[in-house]
Amino acid sequence: MGEAGGTGRDGSEGGEAGRLPRLELDQLLDELQVRIDAARGTQNRIHSLLEAVLSVGRELDLPHVLRRIVESAVVLVDAEYGALGVVEGDRLAEFLTVGVTEDEVAAIGHLPSGHGILGELIRHPEPLRLTEIADHAASYGFPPHHPPMHTFLGVPIRVRDEVFGNLYLTQKRGGGTFDAEDETVLNTLAVAAGVAIENARLYKAARDRQRWVEANTDIIAGLLSGADEMDVLERIVRHARAIVGADLAAVGLPADDGTDLRVMIAVGTDADDHRGLVLPRDGSFMGAAMAAGEPITTEEVQKDPRVAAGPPRFGGLGPTVAVPMVTDEGVRGAVLLSRAEQAAPFTEAETTPLQTFAGQAALALQLAERRRAAEQLTVLEDRDRIARDLHDLAIQRLFATGMTLQSTLRFVDHPEANERLLRAVDDLDETIKIIRSTIFGLRVADGEHRPQGLRARAAAGVEEAGRNLGFTPVLHMEGLLDTDVPPATADDAVAVLTEALSNTARHARASAADVTLVASDGRLTVTVTDNGRGIPERAPRSGLDNLAARARRLGGHFEAGAAPQGGTRLTWSVPLGS
């Protein structure tokens, strides 16, 4: 019994002792599994971080790099929302978001500029972790329609010693909070992001230098080939717009009076609202750059006080730069470039090569002027030669022929033949008068020594208008314009010609124009025809009314209508006796 009883006790005690080690072993196994899972999770996170670093480092285009950084950050710390803010001074110049839909962005309105918690990280570029955003002293709430956000993790991104921007992560998934490990992972990504951003900047700088070199080569080729200056200017504008990523590009040149600025070329967003505008220098952005003699920039051109003159024309545009076109002879005009609202502002790295490029534009104008001067000198020399030939050869021969016919009259007895000879002599006299008028017109080019006739003034007016039009109109002149047209009427005719061609430059969008001046049958008729878009129904009539008033004052008439082949025809006709 004793053995039986002892056996029973030994069996009972042995069973309890067996269960205790088994329980401890299960606990150890569970704890080991937890640690294995944790190690596996850490390993997976390290792999994810390495993949993110490699992914960010593979990109070379800066916008793509920034987008890849914020997308990787959201995944690494398991956040619902992420953003990357590019810092300029004490504010946010760019703001990229992940997790916020386009409809939510539109409902929120303007993106943040760097206040509240975002501004706190700008003022103090150190990692910041919050369990509740609203509890921080710098927080002052969200705008209407903004998604609810509570937990927050932010770290700065440094490029060498410069704070490029900040990474902002909110709303840890699953309702948790961001921990120290999240902060470490994000800091590591920020370091890799800084290297990737620097590489992207260097790549962009090298690519832009190459593009500027190619553009300069194209411009120099155009200049050396003798291309029209407006064609060269348009090449300059298109190259500059493409290289700096502008939405609008324009060139303004001094108007005829020198106090105003005429927008000669405009390409891009709403270019038609700018092309042909005449603006005062004081009150226009390009005029301000010409006055400063150096590039000027603004981040919101619609609100800039330097844009005070002219109609509203910068809708949808924001960052803008204007660069003066400078040569050793002074400022020749200005180049303007604008980007869309909320786009990145123009940096010094972008405006510096623009100065050189604008100098190319000024050089194009300078070379064109000197080329015209050389051509004008050649024309004047030809005029003098033609005038001498007409005077020494043609007039003398006609005069001799007239004398011969007059001496022949006494040998002609038939009345009808006698009358015909007299008419022939009169025709020769009239021809001599016309040739002398032509000689006079050819020799009155030097206005400093004698007053210019209507022919020379009309030719000069057409040539000057060609600078604003981008092409030179065809000029036809008939009759004794320099001898039969009274000075006062000639002054009105030149004013009419100038106003008509100015209207063509501002409104017609024409590629060709014809100008005709005819003095015949006691009347002077000035006709200007272009192949443009015609006269819009609601176009201002003040300029046309002025032309009509000049005609009425001299007892003549004025007509404005469609040309037979499309475009516009203006006809101004007055009696020569006025």
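Mentor: Start with Asp 304, which is buried at 8% relative accessibility. Buried means under 20% relative accessible area, exposed means over 50%, and partly exposed lies in between (1.4 Å probe, protein chains only). This is a predicted model, where local features need pLDDT of at least 70 and side-chain atom pairs count only at pLDDT 80 or more, while totals for chains, interfaces and linings use all residues. Residues are numbered from 1 along each chain as its sequence is written, and side-chain values use heavy atoms, with hydrogens and water left out.

Asp 304 pairs with Arg 306 in a salt bridge, with the closest N and O atoms 2.9 Å apart. The term needs a side-chain nitrogen of Lys or Arg within 4 Å of a carboxyl oxygen of Asp or Glu. Arg 306 is partly exposed, at 31% relative accessible area.

Next, take Lys 172 and Asp 182. Their side chains meet in a salt bridge at 2.9 Å, N to O. The pair links distant parts of the chain: Lys 172 sits in strand β5 and Asp 182 in helix α5, ten residues apart. Helices (H or I, at least four residues) and strands (E, at least two) are DSSP runs, numbered from the N terminus. Both partners are covered. Lys 172 is buried because its relative accessible area is 16%. Asp 182 is buried too, with a value of 0%.

Arg 173 forms a salt bridge with Asp 78, the closest N and O atoms being 3.8 Å apart. This pair also links distant parts of the chain, 95 residues apart: Asp 78 lies in the loop between α2 (62–76) and β1, and Arg 173 in the loop between β5 and α5 (180–224). Asp 78 counts as partly exposed because its relative accessibility is 36%. Arg 173 is partly exposed as well, at 44%.

One group goes beyond a pair. Asp 272, Arg 275 and Arg 509 are linked in a network of salt bridges. Across the whole structure, the search finds 13 salt bridges. The general point is simple: side chains of opposite charge can pair when their charged atoms come close.

For the setting, the chain has 578 residues, of which 40% count as buried. Its secondary structure comes to twelve helices and 16 strands.
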